[in-house]
Amino acid sequence: MVRAIRARRSWRRPAAASRVDLRPVAFADGLARNAVGGVGRGGSRAGRAPGRGYDRGMSHDPFAHLRIEYGDAPLPFESAPAAPLPLLAQWLDEAAAAGVGEPNGMALATVDADGQPHCRVVLCKSLDERGIAFFTNRLSDKGAQLAGNPRAAATFWWPAPRNRQVRLTGRIELAADAESDAYFCSRPRRAQLCSAASPQSRVVRDRDELEGLVDALAARVGDGPVPRPAHWGGYRLVPEAVEFWQGRDGRLHDRLRYRRAAAGAPAVGGAWSRERLAP
Ligand SMILES: Cc1cc2nc3c(=O)[nH]c(=O)nc-3n(C[C@H](O)[C@H](O)[C@H](O)COP(=O)(O)O)c2cc1C
């Protein structure tokens, strides 16, 4: 099973968040705000624009009263597949069908040589029996962190109407050159030029410097193909644990964790244990 994740024209726009509590909430400063921080009618202070906490030099708390109920769709433990990646594929499809803009976006956490974690969003571009793949500049900060410590965590989050999260932890492998070539070639030419020219994670003087690097590369390659730089390519997160989280009303959520029964066991197949975790 090899699945490439592509944008689909048929994906609908994200549905509006459902059941956000917009009732006015009285704050200690006398302003009435709704749950997402909007100031209610009549909420103003003389000589000062009505604003959120950060306008007034206070802590920023407009979300303190934000409440969304997640619905009561259960995570079907009994019918869950024996291995996690088919379920991840299904949830990605369902997030796409629900109109989530980039359902393959995932927060990727890595750890540097000082033990400091770093987290950023990347796009999962394929998933198969080995794990999930993403592409980046291997000379970037994340690349350096993965070279020193080839372990990572990734988290997908799909808001309403799905209200789901999937977390993966495991080790990192380099994607084969052929796989990196194939993905690089599939990208629009402008994306090829920009990703090949950009010294990702390095400090640059200004936007002109970046555009100059792209223009210089474009001039060098002319009408020919943009070669994939050796430092740009794929990584695969080979999961050892995968947790599925389904938000449920009242915050009594469902959590299903798969753990690989033995190191080296395939990511699909029966070599996984399944456990329910408390929310
Ligand atoms: C929605 C979204 C998708 C992104 N996808 C990628 C990606 O697939 N690959 C990538 O290298 N950076 C991607 N980025 C940028 C990264 O978040 C990050 O800025 C970049 O990789 C540099 O990270 P680093 O300095 O920690 O290495 C994406 C950012 C966002 C917000």
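The protein has five helices and twelve strands, with helices (H or I, at least four residues) and strands (E, at least two) taken as DSSP runs numbered from the N terminus. This is a predicted model, so to speak: local features need pLDDT of at least 70, side-chain atom pairs count only at pLDDT 80 or more, and totals for chains, interfaces and linings use all residues. Residues are numbered from 1 along each chain as its sequence is written.

Of the 279 residues, 24% count as buried, that is, with 20 or more other C-beta atoms (placed from the backbone) within 10 Å of their own.

Now for helix H1, residues 84–97. H1 has 14 residues and reaches 20 Å from its first C-alpha to its last, close to the 20 Å expected at 1.5 Å a residue, where the expected span is 1.5 Å times one less than the number of residues. Pro84, Leu85, Leu88, Leu92, Ala95 and Ala96 of H1 are buried. These residues cover an arc of only 115 degrees around the axis, which puts them on the same side of H1; the arc is that of the directions from the helix axis to the C-beta atoms. After H1 comes Gly99, with a positive phi near 95 degrees.

As for the ligand, 16 residues surround it, the closest being Arg120, Thr136, Ser140, Lys142 and Ser201; a residue counts as near if its C-beta atom, placed from the backbone, lies within 6 Å. Strand S5 (117–123), strand S7 (131–137) and helix H2 (141–148) each supply at least two residues of this shell, and the largest share, five residues, comes from S5.

Terms used: Buried ≥ 20, exposed ≤ 12 C-beta atoms within 10 Å, placed from the backbone.
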